[in-house]
Amino acid sequence: MMDSKYKLTLGGALLGAFTTAAVPATAQTMDVSVTIPRLTVAEYHKPYVALWIEQAGKPARTINVWYDTGKKNNAGIKWLRDMRQWWRTVGRTTPTPPNGVTGATRAPGAAKISFTAGKGGMPALTAGSYTLVVEAAREGGGREVVKVPFTVSAAGTAKGSGKGSFELGAVSLTVRR
Amino acid sequence: MLNSRKSLLLLAASAALALSTAAQARQWLLPSETMFTGSGNEWLTVDAANSTDLYYYDHPGQPWDAVITAPDGSTVPVENRMVGKLRQVFDVPIAQGGTYKISITNDQMFGSYMLNGEKKMLPRGTTPATLAAAIPAGATEVQTAEANNRIETFVTAGEPTTSVFTSGGKGIEMIPVTHPNDLAVDEEATFQFLLDGKPAADLEVVAIPGGIRYRADLKQISAKTDAEGKVRFTWPEAGMYWVSVSIGGRRGEGAGGPPPATPPQPEAPERRASYSMTVEVQG
């Protein structure tokens, strides 16, 4: 079983190397779109957002954290725990701020991010059931968690989508090779 | 027939009401935050009160002395302690990573003795340390029992640790199976209760979410400890919960356990112990 999988992957890599396909990438990639809703409030602060992947029986993996990276002495990390589910599930048991997965907060709109397996916090996703969890916490605003369950096929691909109501809009993902 | 049944029901209802109003107010500690980033320079502030509704202030403030145990086992002095009319407030610097215990314990002796043919009660506030001095020479038929009260809450900077969960072997204590700073909606949590250092079996433990004032349903959930003193709760909603268990003293809630095998002598006071903790359930 392991062997045949390995051969398949190897075959794909060889194929990629010898053809000039429109999508030459053979590394597994997860494209995620997270929509931050535009809110008409007197004092708006861009939300802190954490994205992580859960799989039954495995430790959760943080793949992206957006926080206020511009504060003196990196003081913005103080509020990472306001993403309370992320903090409890994975944030407090990994370095603060997490290594190699952080970025600045983002303005309202659809943020599109691609994660490559083996880079940053992104694990290689073998066939099975997963959940992408997105949590947004806004200063002076609310906090919302959107869970997007998805199933990775034997070919290593998947699709999933979810939707928030207050602090998050549409969330979608595509796992491709 | 109907009438007599109705009056019986009414009687039962008023008896229940009398029981509930007679119930002791709930003692609690309420932390401003249970999860700290662990930057080393954060502050916790805590309210301590004895109230009917959770978590509001409606009874006289108490001169309790809280003991703060840091993850490394040291005792951290509280700062800015203020004992108000309806509550006590204090601050705690959170300088270490790990789990802190905030604990108030109160050990008292109560009972009576006969002196010159007259029955005298032990004065309020008698402790095990002052008991000998409280009983005059010549007293006979001395009947005493101990009351141990413990009120706790826990906060964690960074990753939860378990160093503060040790048993002192007196009163009711909580030893977590599930860490009290790792509770979440729809997840089962297990706590072990000890009475004088031994598993406290067959006691009813109650859990009540805060915010009682603005809802019709108390939302109390209860469960009995098993032979190992362990009790399991699955939290229906996020928020701060008051978890309490007690023995003796005819408490309205949290009281439980079978009657003693040999009923105490009419004059003998019943040993009492109570434990209450505030825990946060994440949503």
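## A first look at chain A

Of the 177 residues of chain A, 40% count as buried (under 20% relative accessible area with a 1.4 Å probe, protein chains only). This is a predicted model, in which local features need pLDDT of at least 70, side-chain atom pairs count only at pLDDT 80 or more, and totals for chains, interfaces and linings use all residues. Residues are numbered from 1 along each chain as its sequence is written, chains are lettered from A and ligands numbered from 1 in the order written, and side-chain values use heavy atoms, without hydrogens and water.

**Fold**

- Chain A has 2 helices and 9 strands (DSSP runs, H or I of at least four residues and E of at least two, numbered from the N terminus).
- Along the sequence, these elements follow the pattern α-β-β-β-α-β-β-β-β-β-β.

**Sheet**

- An open sheet of 5 strands in chain A runs in the order 4-3-2-6-7, with mixed pairing (two strands pair if DSSP finds at least two bridges between them).
- Strand 4 (102-104) and strand 7 of chain A are at the edges with a single partner strand each, so one side of each has no neighbour in the sheet.
- Strands 2 and 6 of chain A pair in the antiparallel sense over 7 bridges.

**Core**

- The largest nonpolar core has 27 residues, of which A:Met30, A:Leu51, A:Leu132 and A:Phe150 touch the most other members (a core is a set of buried Ala, Val, Leu, Ile, Met, Phe, Trp, Tyr and Cys residues joined through side-chain atoms within 4.5 Å).
- A second, separate core of 26 residues includes B:Phe191, B:Leu203, B:Ala273 and B:Val279.

Notes
Buried < 20%, exposed > 50% of the residue type's maximum accessible area, 1.4 Å probe, protein only.
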